[in-house]
Amino acid sequence: MEFVQIPAGTFLMGDSTHQGFVEDYEGPAVEKEVHAFEMAKIPVTNAEFLEFVQATGYQTLAERLGDSYVFHLLLPEEKRENYPHVTGSPWWKVVPNANWAHPFGEGSSIEGIEDHPVVHIALEDAIAYCRWAKVQLPTEVQWEYAARAMSTSTYPWGEDLVPESGYRANTWQGDFPNTNDALDGFVGTAPVYSFEPNDFGLYQMIGNVWEWCSHQRGIVLPLVEERISIDSIVPSGEFAIRGGSFLCHCSYCNRYRVAARNGAFVTSTTSHMGFRCVRFEEESYVRSNI
């Protein structure tokens, strides 16, 4: 992983424009102080996760359970009806043997997409990787501060999702969930260095894949901690995820905004769930036993 230095500072966290969902507690915005830290330029890739698995023999939750959730347009059309779907969300198919190494199920692989973000990652899988790599998961404070890169705009680059210069993120274009026009170039995940980075040099802070954070979902903004060690995480219930994914669209989920908040059950494994790492310099945040 290649990290960039995120400087200390203060920022206004959250949203006061009422664009989000009430249950996400995006506002009112609050001022947060942030100590300096480092964040990976990109979410963890298939190639990086493969290195971890080869070194440790680790098996993800999806591998142990024997299936995972795959977005229907990523599957061959003739096979889509062969799989059960999630009640109320027929676009999510429960696919046997789908996991990080076989993102679309039996017969698929990460060959040719090594530079895409790893997916089908449960929270416990992200924690295991972080322990091996001696890094941490960001809190929502760190994530939003880094994504904003000192800006106050709706998106890292400004107020328009698609500025005149062209697409800046991998999100949904078309009729969700039936037709993705792929005007940004992608139906599913994109290589991690696609699109321009933000002013801190971080790539794809919105779109592409959801990124796990280190605390539970739904904590009101004033109480969200700046830093949490992975050693203190108890993965149960729902945890915060940030950034949106290639499935986000204003007609269904406009959570690709910088201030947008969301969460997922810690056992969730899907074709749009990944993670990004941070690290701290202070000894108080370094694991004492590695």
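Author: Happy to. Let's start with Ser108, which sits in the loop between β7 (89–96) and α3. Helices (H or I, at least four residues) and strands (E, at least two) are DSSP runs, numbered from the N terminus. Before going on: this is a predicted model, where local features need pLDDT of at least 70 and side-chain atom pairs count only at pLDDT 80 or more, while totals for chains, interfaces and linings use all residues. Residues are numbered from 1 along each chain as its sequence is written, and side-chain values use heavy atoms, with hydrogens and water left out.

Reader: Good to know. Is Ser108 buried or exposed?

Author: Ser108 counts as buried, at 13% relative accessibility. The cut-offs are under 20% relative accessible area for buried, over 50% for exposed, and partly exposed in between (1.4 Å probe, protein chains only).

Reader: And what does the side chain of Ser108 reach?

Author: The backbone oxygen of Gly105, at 2.6 Å. Setting aside neighbours within four places in sequence, Ser108 is also in contact with Ala101, His102 and Pro103, contact being heavy atoms within 4.5 Å.

Reader: Let's zoom out. How many helices and strands does the chain have?

Author: Four helices and 14 strands. The C-alpha trace spans about 50 × 45 × 35 Å along its principal axes, and 58% of the 290 residues count as buried.

Reader: What about contacts along the sequence?

Author: Among contacts between residues at least 6 apart in sequence, 75% join residues at least 24 apart.

Reader: Okay, salt bridges. How many are there in the whole structure?

Author: A search finds 15, a salt bridge being a side-chain nitrogen of Lys or Arg within 4 Å of a carboxyl oxygen of Asp or Glu. One of them pairs Glu38 with Arg279, with the closest N and O atoms 2.8 Å apart. That pair links distant parts of the chain, with Glu38 in strand β4 (residues 37–40) and Arg279 in strand β14 (residues 278–279), 241 residues apart.

Reader: How covered are Glu38 and Arg279?

Author: Glu38 is buried, at 18% relative accessibility, whereas Arg279 is partly exposed at 34%.

Reader: Which residue does Asp231 meet in a salt bridge?

Author: Arg131, at 3.8 Å from N to O. Asp231 is partly exposed at 38%, and Arg131 is partly exposed at 36%.

Reader: What about Glu238?

Author: The side chain of Glu238 meets that of Arg217 in a salt bridge, 3.0 Å from N to O. Glu238 belongs to strand β11 and Arg217 to the loop between β10 and β11, so the pair ties together parts that are 21 residues apart in sequence.

Reader: Which residues are linked in a network of salt bridges?

Author: Glu140, Glu144, Arg148, Arg242 and Arg261. Glu140, Glu144 and Arg148 are also among the buried residues of α4.

Reader: Which residues does Trp172 touch?

Author: Not counting residues up to four places away in sequence, its contacts include Phe71, Leu73, Pro177, Phe246 and His249.

Reader: Last one: where are the cis peptide bonds at Pro28 and Pro177?

Author: One runs from Gly27 to Pro28, with omega near 0°, and Pro28 is in the loop between β2 (9–13) and β3 (30–34). Another joins Phe176 and Pro177, with omega about 0°, and Pro177 is found in the loop between β8 and β9 (179–180).

Conventions:
Polar contact = N/O pair within 3.5 Å; in protein donor to acceptor, adjacent residues only side chain to side chain.
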